[in-house]
Amino acid sequence: MLLFSRFTRLSGASVRFGNAVRLRIKGPLCVYCGGTANTDEHFPPASLTPNGYLLPACRECNSIAGTTWATDFEERTRHVKAKLRLKYRSHLETPEWSTEEKDELGYNLRKVVELWQTQKTVLNERLAWNAVAYLLSIDHNSVFAETFVEDVFLEKVKKLSLNRQKE
Ligand SMILES: [Zn+2]
């Protein structure tokens, strides 16, 4: 669990909306799926608290995330991925076609099959995206990490930094 338990300190680029204070963690990719980030994800959601973070997210994940699992980043990520899996289940169920099989299709049908296969590949990559590792990698001052006091999380941070040292 990555629980939003307290908002202990503010440093770096904070964004103020009235009395609200949000710390922006910048990154080019969506924290949930690794797609191109083009929106600000409010974590926890703005309806819950004026404080917290702005995380990079793609429009689709941002809207799927909603207010579900508002204060638990890992559960929130699982929720987003479950919704994506459901939304694109027919793409995911697309069977693999061999080149020979595709050669037997007409031009238009072949294009459709190839498009679905590409979408399936992209989707599997989004579902396999390691949200926690990415978030830690863009959380340069560890401000996000410091607001999470769960032991499990701290263990993960330790492991990740050990792995980084090994590289
Ligand atoms: Zn996304």
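**Exercise 1. State what the average pLDDT of the protein chain is, and find where confidence is lowest and highest.**

Solution. The protein chain averages a pLDDT of 81. Of its residues, 74% score at least 70. This is a predicted model. Next, go element by element. Strand β1 (residues 14-17) has the lowest confidence, at a mean of 49. Helix α1 (residues 59-65) has the highest, at 96. Then look at residues 5-13. Their pLDDT is below 50. In the model, this stretch has 19 contacts beyond near neighbours in sequence.

**Exercise 2. Work out the order of helices and strands along the protein chain.**

Solution. Start with the counts: four strands and eight helices. Now read along the sequence. The pattern is β-β-β-β-α-α-α-α-α-α-α-α. Finish with burial. Buried residues make up 21% of the 167 residues.

**Exercise 3. Decide whether T94 is buried, partly exposed or exposed, and list its contacts.**

Solution. T94 sits in the loop between α3 (89-92) and α4 (99-103). Second, count neighbours. T94 has 15 C-beta neighbours inside 10 Å. Third, apply the cut-offs: buried needs 20 or more, exposed 12 or fewer. T94 therefore counts as partly exposed. T94 is then in contact with W116, Q117 and K120. Last, check one pair. T94 and K120 are 26 residues apart along the chain. Their C-alpha atoms are separated by 7.5 Å.

Key:
Residues numbered from 1 in each chain as written. Predicted model: local features only at pLDDT ≥ 70, side-chain atom pairs only at ≥ 80, totals over all residues. Helix = DSSP H or I, 4+ residues; strand = E, 2+ residues; numbered from the N terminus. Contact = placed C-beta atoms within 7 Å. pLDDT = per-residue confidence, 0-100. Lists of a residue's contacts leave out its neighbours within four places in sequence.
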